[in-house]
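Please look over the sequence and the structure shown here before reading on.

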Amino acid sequence: MSKSLKNFITIDQLLQTYSANDFRMFCMLNHYSARIQLDDNGLVEAQRQWKALEAVWNLVCRLNRSRFIESKQSFRKEAVSVILIRVW
């Protein structure tokens with residue numbers, strides 16, 4: 001991307017379309033030393049991955065909350081593996 005070629009976007013422009021967490025996930029999906037191609041396809045994939053991760057987190061929190069209320073104990077590892085299998 002180059003300002004002289006007018007093929008760049010600012011962070012403010014990016015955040016109008018995508019969330020900060022989408023951009024963070026985009027950065028995490030790329031290797032730190034590799035060149036990053038910032039395009040809509042990569043950002044849409046990062047957005048999809050972030051939503052999936054957020055769904056897993058919400059399920060774990062809900063399960064933990066319901067199990068804690070029922071038995072006053074934290075959930076077991078089997079419950080987490082079942083949730084991960086369901087989502088992924």
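What follows is a short briefing, grouped by topic.

The model is predicted, and its protein chain has 88 residues, of which 16% are buried. The secondary structure of the chain comes to four helices and zero strands, so that, read from the N terminus, its elements follow the order α-α-α-α.

**The chain as a whole**

- The protein chain has an accessible surface of about 7,300 Å², and carbon and sulfur atoms hold 55% of that surface.
- Among the contacts in the protein chain with a separation of 6 or more, 44% are between residues 24 or more positions apart.

**The nonpolar core**

- The largest nonpolar core is made up of six residues, namely Leu 14, Tyr 18, Met 25, Phe 26, Leu 43 and Ala 46. Two or more residues of this core come from each of H2 and helix H3, the latter spanning 40-71.
- Ala 46, one of the core residues, touches Asp 22, Met 25, Phe 26 and Leu 29 when residues up to four places away in sequence are not counted.

**Asp 22, a buried charged residue**

- Asp 22 has its place in helix H2, and it counts as buried because its relative accessible area is 4%, where buried means under 20%.
- Although Asp 22 is buried, it has no salt bridge, and the nearest side chain of opposite charge, that of Lys 51, is 6.6 Å away. Asp 22 is left without a salt bridge to Lys 51 because a salt bridge needs the side-chain nitrogen within 4 Å of a carboxyl oxygen.
- Leaving aside residues up to four places away in sequence, Asp 22 touches Ala 46, Gln 47 and Trp 50.
- Asp 22 and Trp 50 are 28 residues apart along the chain, while their C-alpha atoms are separated by 6.3 Å.

- Ser 19 lies in the loop between helix H1 (11-17) and helix H2 (20-29), and its relative accessibility of 32% makes it partly exposed.
- A polar atom of the Ser 19 side chain lies 3.1 Å from the backbone nitrogen of Asp 22.
- Computed along the sequence, Ser 19 and Gln 47 are 28 residues apart, yet in space the distance from C-alpha to C-alpha is 8.3 Å.

**The salt bridge in helix H3**

- The count of salt bridges comes to one, and it is formed by the side chains of Arg 48 and Glu 45, with a distance of 2.8 Å from N to O.
- Both Arg 48 and Glu 45 lie in helix H3, where they are three residues apart, or about one turn of the helix.
- Arg 48 is partly exposed, with a relative accessible area of 48%, and Glu 45 is likewise partly exposed, with a relative accessible area of 32%.

Key:
Residues are numbered from 1 along each chain as its sequence is written. This is a predicted model: local features need pLDDT of at least 70, side-chain atom pairs count only at pLDDT 80 or more; totals for chains, interfaces and linings use all residues. Side-chain values use heavy atoms; hydrogens and water are left out. Buried means under 20% relative accessible area, exposed over 50%, partly exposed in between (1.4 Å probe, protein chains only). A polar contact is a pair of N or O atoms within 3.5 Å; within protein, one must be able to donate a hydrogen and the other to accept it, and residues adjacent in sequence count only if both atoms are side-chain atoms. Contact means heavy atoms within 4.5 Å. Accessible areas come from the Shrake-Rupley method with a 1.4 Å probe; for residues, only the protein chains shown count as cover. A nonpolar core is a set of buried Ala, Val, Leu, Ile, Met, Phe, Trp, Tyr and Cys residues joined through side-chain atoms within 4.5 Å. Lys and Arg count as positive and Asp and Glu as negative; His and the chain ends are not counted.
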